[in-house]
Amino acid sequence: MISRRELLIRAVMGCCQTAVTPATVLRQPTTAIARDQTPAVVLAIVSDAPVKRSNDRMERELVCRLTSYARDPTDGYAVADDLLCKAHLALLADTTLGGLALGLTEMEADYQAEDADVEAIAIPAIYRITYRTLVSDISQGG
């Protein structure tokens, strides 16, 4: 059994990976991204919340942060921005993620600087995915 949330996360990963290849998409890495792993896109789950119940259905919102990372002495911003543009284009091409979601929308992104080496650039984007499950079974779509 696999939850609808996990299916959505995997759909986002697959969609982004196809779009940014040969760069990689990493899911919530627990260690710093090594130089040889960049450029890369990191997918982090910000939240997943039930928002509205209707009979035996629950509407939910999954919030994901995509951050593109690049280390390029010439123009790291251009490399990171290109990755994010490709991922964004792929995600917005099918806002239902193959029928798993009710919709996907872009949200406001916070551009806080992070401690990193001089050449490291990180550009974030945040998306809200609205989906529905049964109240009693999060593995079933509603």
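Predicted model: local features only at pLDDT ≥ 70, side-chain atom pairs only at ≥ 80, totals over all residues.
Thr-130 lies in strand β5. Thr-130 has a relative accessibility of 17%, and since buried means under 20%, Thr-130 counts as buried. Not counting residues up to four places away in sequence, Thr-130 touches Glu-59, Arg-60, Glu-61, Ala-101, Leu-102 and Gly-103.

Eleven of the 15 residues of β5 are buried, so β5 is largely enclosed by the rest of the structure. Another residue to look at is Ile-129. With neighbours within four places in sequence left aside, Ile-129 is in contact with Leu-8, Val-12, Arg-60, Glu-61, Leu-62, Cys-64, Leu-97, Ala-101, Gly-103 and Leu-104.

Strands of a sheet pair through backbone hydrogen bonds, either parallel or antiparallel. Here five strands form an open sheet in the order β1-β2-β3-β5-β4, and the pairing is mixed. The edges are taken by β1 (24-27) and β4, each with a single partner strand, so one side of each is left without a neighbour in the sheet. On average, neighbouring strands of this sheet are turned by 30 degrees against each other, direction ignored.

The pairings can be followed strand by strand. β4 and β5 run antiparallel and are joined by five bridges; the bridge partner of Glu-106 in β5 is Tyr-127. β3 and β5 also run antiparallel, with 15 bridges between them, and Met-58 stands opposite Thr-133 in β5. β2 and β3 pair in the antiparallel sense over 13 bridges, where Arg-53 stands opposite Met-58 in β3.

Two helices pack on this sheet. Helix α1 touches β1, β2, β3 and β5, and its direction makes about 155 degrees with that of β1. Helix α2 touches β2, β3, β4 and β5, and its direction makes about 15 degrees with that of β5.

What span should α2 (residues 76-93) have? At 1.5 Å a residue, its 18 residues should span 26 Å, and the end C-alpha atoms are 26 Å apart, which agrees. The buried residues of α2 are Gly-76, Ala-80, Leu-83, Leu-84, Ala-87 and Leu-91. These residues cover an arc of only 90 degrees around the axis, which puts them on the same side of α2. Leu-89 and Ala-93, on the other side of α2, are exposed. The cover over the buried residues of α2 includes α1 (4-20), β2 (40-54), β3 (57-71), β4 (103-107) and β5 (120-134).

Of its 28 residues, Leu-66, Leu-91 and Ile-129 touch the most other members. At least two residues of this core come from each of α1, β2, β3, α2 and β5.

Leu-43 counts as buried, at 1% relative accessibility. How far apart in space are Leu-43 and Val-12? They are 31 residues apart in sequence and 8.5 Å apart in space, C-alpha to C-alpha. Val-12 is one of the contacts of Leu-43 when neighbours within four places in sequence are left aside.

Methods. Residues numbered from 1 in each chain as written. Heavy atoms only, no water. Helix = DSSP H or I, 4+ residues; strand = E, 2+ residues; numbered from the N terminus. Expected span 1.5 Å × (residues − 1). Buried < 20%, exposed > 50% of the residue type's maximum accessible area, 1.4 Å probe, protein only. Arc of directions from axis to C-beta. Contact = heavy atoms within 4.5 Å. Pairing = 2+ DSSP bridges. Axes fitted to C-alpha atoms, helices over the stretch in contact; angles between N-to-C directions. Core = buried A, V, L, I, M, F, W, Y, C linked by side-chain atoms within 4.5 Å.
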